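Look at the sequence and the model first, then read on.

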Amino acid sequence: MIIDCHGHYTTAPKELEEYRKRQIAGLKDSSHVASKGSLKISDDQIRESLENAQLKIQRERGTDLTIFSPRAGGMGHHIGNATTSQHWSETCNELIHRVCTLYPQNFVGVCQLPQSPGVAPKNCIAELERCVNEYGFIGCNLNPDPSGGYWTDPPLTDKWWYPLYEKIVELNIPAMVHVSASCNPNFHFTGAHYINADTTAFMQFITSELFKDFPTLKFIIPHGGGAVPYHWGRYRGLAQDMGKPPLKELLLNNVFFDTCVYHQPGIELLLKVIPADNILFASEVVGAVKGIDPETGYNYDNTKRYIDAIGWLSAADREKIFHGNVLKVYPRFAARGTKR
Ligand SMILES: [Zn+2]
């Protein structure tokens, strides 16, 4: 079984975007009382939105199941206030639940959290519990920068985040570190902000005592870990200079990387540098880079091809990357379907 641990509902029916536009328009009117409102999308619309996109790609590329979450660039935690984010996150998560209910063999859910800049992360606990306990979701996307590119909240290792981590550990789920849109014009969202955030989170983990406080807390750093595998020597050296234990001991029981790296040499470097125990297969379809690479004739985001092409990868390591590590990092995966 081949599991893609990182897919977003980027092809949701246009009614979702219209809902969001109405929500944002309401923010401009001071007399407007925020209400959740309603989203009307039929099951057939959901099927249509997936059949020629994510489902077609699964069939063509030979992946079996995608761990599926709302569109990351659309989370927009910086928009409005905590209530705005609450209503939007609930609506997006409910739609993911419907996808997973319609296609239980193809998708399993991960939620967006109702984060808001300056608002304590413990505010997200009720929605997280709802998604895990009622919908059978197996993880969450955690935005390390709800401000959208200005980094106004404390680092991920600050006690500010601890009540949320306590709940994440109690629920036995991992968090994928995933920013959303960038409203800082210096940072293109998928080209710079995402990769910056992946790298930043890793360095925050090195400098902290977070995994002493939460020995079982697990994070997935997506997009191949940002700059981390390429600069592994730098991070090893920095940890050493700080008197920290080797990285493997310091954080590789807690930090995992996905394979959303869109060229052969990049994937090979990731697999040479990071132990196979810490790598999960992913492609982030349909997502960040949609085009076809003229050098290969295949889509950039067809990451399975790159892994398949690595002759030196052992069968055991290949199995871990495609399947086995998911069972370890997402313990609720095995129990999926029991709470739908
Ligand atoms: Zn993503």
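## Terms and numbering

A residue is called buried if 20 or more other C-beta atoms lie within 10 Å of its own, exposed if 12 or fewer do, and partly exposed in between; the C-beta atoms are placed from the backbone. Helices (H or I, at least four residues) and strands (E, at least two) are DSSP runs, numbered from the N terminus.

The model is predicted: local features need pLDDT of at least 70, side-chain atom pairs count only at pLDDT 80 or more, and totals for chains, interfaces and linings use all residues. Residues are numbered from 1 along each chain as its sequence is written.

In strand β2 (residues 65–70), six of the six residues are buried, so β2 is largely enclosed by the rest of the structure. This strand belongs to an open sheet of three strands, in the order β1-β2-β3, with parallel pairing. β1 and β3 are at the edges with a single partner strand each, so one side of each has no neighbour in the sheet. From one strand to the next, the twist averages 35°.

Two strands count as paired if DSSP finds at least two bridges between them. β1 and β2 are joined in the parallel sense by five bridges, and G7 has F68 as its bridge partner in β2. β2 and strand β3 (residues 107–109) also run parallel, with three bridges between them. Here I67 stands opposite V108, and F68 has G109 as its bridge partner in β3.

## From β2 to β3

Between β2 and β3 the chain passes through helix α4 (residues 82–102), and this β-α-β crossover is right-handed. That word applies if, with the strands pointing away from the viewer, the path from the first strand over the helix to the second runs clockwise. α4 lies across β1, β2 and β3 and runs at about 160° to β2. Such angles run from 0 to 180 degrees between N-to-C directions, using axes fitted to C-alpha atoms, for helices over the stretch in contact. Contact means that the C-beta atoms of two residues, placed from the backbone, lie within 7 Å.

Y103 is in the loop between α4 and β3. Is Y103 buried or exposed? It counts as buried because it has 20 C-beta neighbours inside 10 Å. Y103 and L65 are 38 residues apart in sequence, and their C-alpha atoms are 9.7 Å apart in space.

## The six-stranded sheet

Six strands form another open sheet, ordered β4-β5-β6-β7-β8-β9, with parallel pairing. Its edge strands, β4 (111–112) and β9, each pair on one side only. Two bridges link strand β6 (residues 175–177) to β7 in the parallel sense; A175 has F219 in β7 as its bridge partner.

Helix α7 (residues 189–207) has 19 residues and spans 25 Å from its first C-alpha to its last, close to the expected 27 Å. The expected span is 1.5 Å times one less than the number of residues. Among the buried residues of α7 are H193, Y194, F202 and F205. The elements covering its buried residues include β6, β7 and β8.

Helix α13 (residues 315–329) has 15 residues and reaches 20 Å, close to the expected 21 Å. α13 bends by about 60° at I321, where the bend is the angle between axes fitted to the seven residues ending there and the seven starting there. I321 is also one of the buried residues of α13, along with K320 and F322. The buried residues of α13 pack against elements including β1 (3–9) and β7 (219–221).
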